[in-house]
Amino acid sequence: MPRSDAKVFASISADGDPTAPSVILGRAVVLGGSVGGLLAARVLADYAERVVIIDRDELTAAGAARVGVPQGSQIHALLPAGRAQLERWFPGFSQQAVARGVYVASADVRRTYLDGRLKVRGSDVAVLSASRPFLESLIRGRTLELPNVEVVRGRVTGLDLSATAVTAVRYESMDGPGVEAADLVVDATGRSSRLGDWLARGGWERLPLTRMTININYATATFRRAESEPALGTVLAICSPGASGDIAGAMFTAIEGDRWMVMMGGYGDSQPGRTAEDLVRRLREDFPPEFRGVVESEMLGEVETYRQADSRRRDFHALERFPARLVSVGDAVSSFNPIYGQGMTSAALHASCLARYLSAEPDLSVAAREFFALQRVVVDAAWGISTSADLSRPSVSGPYPRGYRISSWVGNQIQEASVTDPTVARRFDAVTQMDRHPSYLATPGTVLRAIRANWRARRRAGHPHTP
Ligand SMILES: Cc1cc2nc3c(=O)[nH]c(=O)nc-3n(C[C@H](O)[C@H](O)[C@H](O)COP(=O)(O)OP(=O)(O)OC[C@H]3O[C@@H](n4cnc5c(N)ncnc54)[C@H](O)[C@@H]3O)c2cc1C
């Protein structure tokens, strides 16, 4: 009998020791050495004699922003489920990260607001907080210390394909064109992956791409943080469409190097951070008072802005024909509205799917359908969470899934109740932080509890009949 998505999700996000490795591949080639590629390479190191990562950037150990990851200067939250996977693949990762200066935001030093109202505490899990390049450099350090993993600097330009499978990767390097033969290729080249073009060039089906227009604008700045300010580590202020129009929200968190990283997001024409003064003013005036304390510190460097036009997913599981020995992970498969912080955690869960697929010693002469079936569960979960929230924005015009009106009503009840009811807040966090499958929230017990909590909250506020 097929297992439910919830059960598959639970097994993928398990944080136990990886299955005992067994070498079933000669050479595995990973395209792209960012978070998705590095985690895939870590998994492959257990199953391949040699793992080659090809990236167009120089992957140095230092935690500096790089051209191939243009979103790297924006604030990045690592969800607890992503941290659990990092710990699983790199035992002692958190401890090592903290020793290197990563900030740990325990539940005591985190606050979340919804439309200006302070939420009750949800998840008790401590969160690692670092800049995106620094976090990537820690993952890279652990991956590249594996004896069978190496990096080649080059821009991947295409694939060699037989009638049924991928056989090699072509790239351009400083020394000219190169070819890397491969028993398995993992595409981790991010949301602008050209895999579809490379396959079409070889006569294969084009990859279906689903997009949902979101037009989100990010602005991130860093500020000096005095060591005497440890009382509060992370504040997230979420704005719902009904209350705040096109403002998405704001967040600040302590990061390595005694700094605060602060972001504000807006949709459509709302473009925070056109100037540093404008960003500081809006953070000071439009958000909870904690933001004031942070933006009054010295700003370090410039305000960095970033616009993302859409959420997108490529449904490999739905393809009728697909070459063997080829899979895709991370943003190359699905990339969501970044405000929900799902990207790196999704990439980590894709790596977990890869481990499950390879540990079953699959038939590598056919397309990796078992892998895509597992990955589909992760993509659906993250896509469901982020797009159902985005669909309530006036600027977003679909596609609306079946049953959207009722699921949106239920979602609103639960989100609202997560402000006042600790049990609903814990369940809400477990799902939005990708620890649990979304079906964990959609139980009659949780929905009824949420409706009751909202009714009580309205009564306390003196509006017993507000719908
Ligand atoms: C504004 C913004 C904020 C975000 N905030 C969060 C957050 O809070 N939390 C979170 O978890 N995620 C967040 N994300 C998503 C996160 O950045 C990605 O999910 C994460 O980086 C994993 O992506 P990836 O490794 O799949 O691809 P990427 O990080 O995009 O890396 C792709 C890699 O492929 C390489 N590459 C590309 N093309 C080629 C080629 N032809 N040849 C060789 N190399 C190539 C690039 O150099 C790069 O190293 C955010 C994204 C954005 C845009």
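Four residue pairs, both members at pLDDT 80 or more, are in polar contact across the interface of domain 2 and domain 3, a polar contact being a pair of N or O atoms within 3.5 Å, where within protein one must be able to donate a hydrogen and the other to accept it, and residues adjacent in sequence count only if both atoms are side-chain atoms. The side of domain 2 that touches domain 3 comprises three nonpolar, two polar and three charged residues, with Asp, Glu, Lys and Arg counted as charged, Gly among the polar ones, and Ala, Val, Leu, Ile, Met, Phe, Trp, Tyr, Cys and Pro as nonpolar. The model is predicted, so local features need pLDDT of at least 70 and side-chain atom pairs pLDDT 80 or more, while totals for chains, interfaces and linings use all residues. Residues are numbered from 1 along each chain as its sequence is written, and side-chain values use heavy atoms, leaving out hydrogens and water.

The two partners are domain 2 (103–131 + 212–310) and domain 3 (404–460), with bounds from an automatic or database domain assignment. Their centres, taken over C-alpha atoms, lie 24 Å apart. Contact (heavy atoms within 4.5 Å) links eight residues of domain 2 with 12 residues of domain 3. About 860 Å² is buried between these domains, 54% of it on carbon and sulfur atoms; this is the accessible area (1.4 Å probe) that two parts lose on being put together, summed over both.

The rule also finds one salt bridge across this interface, that is, a side-chain nitrogen of Lys or Arg within 4 Å of a carboxyl oxygen of Asp or Glu. Glu 416 forms a salt bridge with Arg 117, their closest N and O atoms being 2.6 Å apart.
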